[in-house]
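This report concerns the packing of helices and the pairing of charged side chains. The sequence and the model are shown first.

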Amino acid sequence: MNFADAWKILEGREDEAIRYFRDKRFTRLHEIFRLIVHDSMAEVGVTRYCQELDQKASSMPFVENYRFDLDEYVINGALDGLFSMVAQEEKIRQHSMGGNG
């Protein structure tokens, strides 16, 4: 983090620290979550069912070019939830310390 980033967090929106963290760490967290999500869903058979459904859907008109990546959907939902919870905790911390926002 450089001085400009720190200043932006101090002077920016109330969720500026979370925005910074998301911007700088999203890609790495996505990689880590991909391994966990893919392995977990494969272990319980979700991946197989999704692949079967995808194969059936690909033969339907107007759907043949559509691909649904369940891993990506779950990962993005999990990361959105993670950052949302961290932002909520940060807001609670700011209020308990007497900050604005």
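## Contact between helix 1 and helix 2

In this predicted model, helix 1 contributes Asp5, Lys8 and Ile9 to a contact with Glu16, Ala17 and Tyr20 of helix 2. The axes of helix 1, which spans residues 3-11, and helix 2 cross at roughly 140 degrees and come within 7 Å. An angle over 145 degrees would count as roughly antiparallel; helix 1 and helix 2 are therefore classed as oblique to each other.

Two of the residues that helix 2 brings to this contact, Glu16 and Tyr20, also belong to the buried residues of helix 2.

## Overall architecture

The protein contains four helices and zero strands, and its pattern along the sequence is α-α-α-α. Of its 101 residues, 18% are buried. Where contacts join residues at least 6 apart in sequence, 62% of them link residues at least 24 apart.

## Course of helix 2

Helix 2 has a kink of about 60 degrees, and the kink is centred on Arg25. Just beyond the end of helix 2, Gly45 adopts a positive phi of about 95 degrees.

The buried residues of helix 2 are Glu16, Ile18, Tyr20, Leu29, His30, Val37 and Met41.

## Salt bridges

The model has three salt bridges. One of them joins the side chains of Arg22 and Asp80, with an N to O distance of 2.6 Å. Because Arg22 lies in helix 2 (residues 16-44) and Asp80 in helix 4 (residues 70-96), this pair ties together parts that are 58 residues apart in sequence. Arg22 is partly exposed at 29% relative accessibility, and Asp80 is likewise partly exposed, with a relative accessible area of 41%.

A further salt bridge is formed by Glu72 and Arg34, whose side chains meet at 2.4 Å, N to O. Glu72 lies in helix 4 and Arg34 in helix 2, so the pair connects parts that are 38 residues apart in sequence. Both partners are partly exposed: Glu72 has a relative accessible area of 25%, and Arg34 one of 28%.

The salt bridge between Glu31 and Arg28 has its closest N and O atoms 3.1 Å apart. Both residues belong to helix 2 and are three residues apart, about one turn of the helix. An α-helix has 3.6 residues a turn, so residues three or four places apart point the same way. Glu31 counts as partly exposed at 41% relative accessibility, as does Arg28 at 47%.

His30 is a residue of helix 2. Its relative accessible area is 13%, and the limit for a buried residue is under 20%; His30 is therefore buried.

The side chain of His30 is joined to that of Glu72 by a polar contact of 2.9 Å. Leaving aside residues up to four places away in sequence, His30 touches Glu72, Ile75, Asn76 and Leu79.

How values were computed. Residues are numbered from 1 along each chain as its sequence is written. This is a predicted model: local features need pLDDT of at least 70, side-chain atom pairs count only at pLDDT 80 or more; totals for chains, interfaces and linings use all residues. Side-chain values use heavy atoms; hydrogens and water are left out. A salt bridge is a side-chain nitrogen of Lys or Arg within 4 Å of a carboxyl oxygen of Asp or Glu. Buried means under 20% relative accessible area, exposed over 50%, partly exposed in between (1.4 Å probe, protein chains only). The bend at a residue is the angle between axes fitted to the seven residues ending there and the seven starting there. A polar contact is a pair of N or O atoms within 3.5 Å; within protein, one must be able to donate a hydrogen and the other to accept it, and residues adjacent in sequence count only if both atoms are side-chain atoms. Contact means heavy atoms within 4.5 Å. Axes are lines fitted to C-alpha atoms, for helices over the stretch in contact, and angles run from 0 to 180 degrees between N-to-C directions. Angles under 35 degrees count as roughly parallel, over 145 as roughly antiparallel, 65 to 115 as roughly perpendicular and the rest as oblique.
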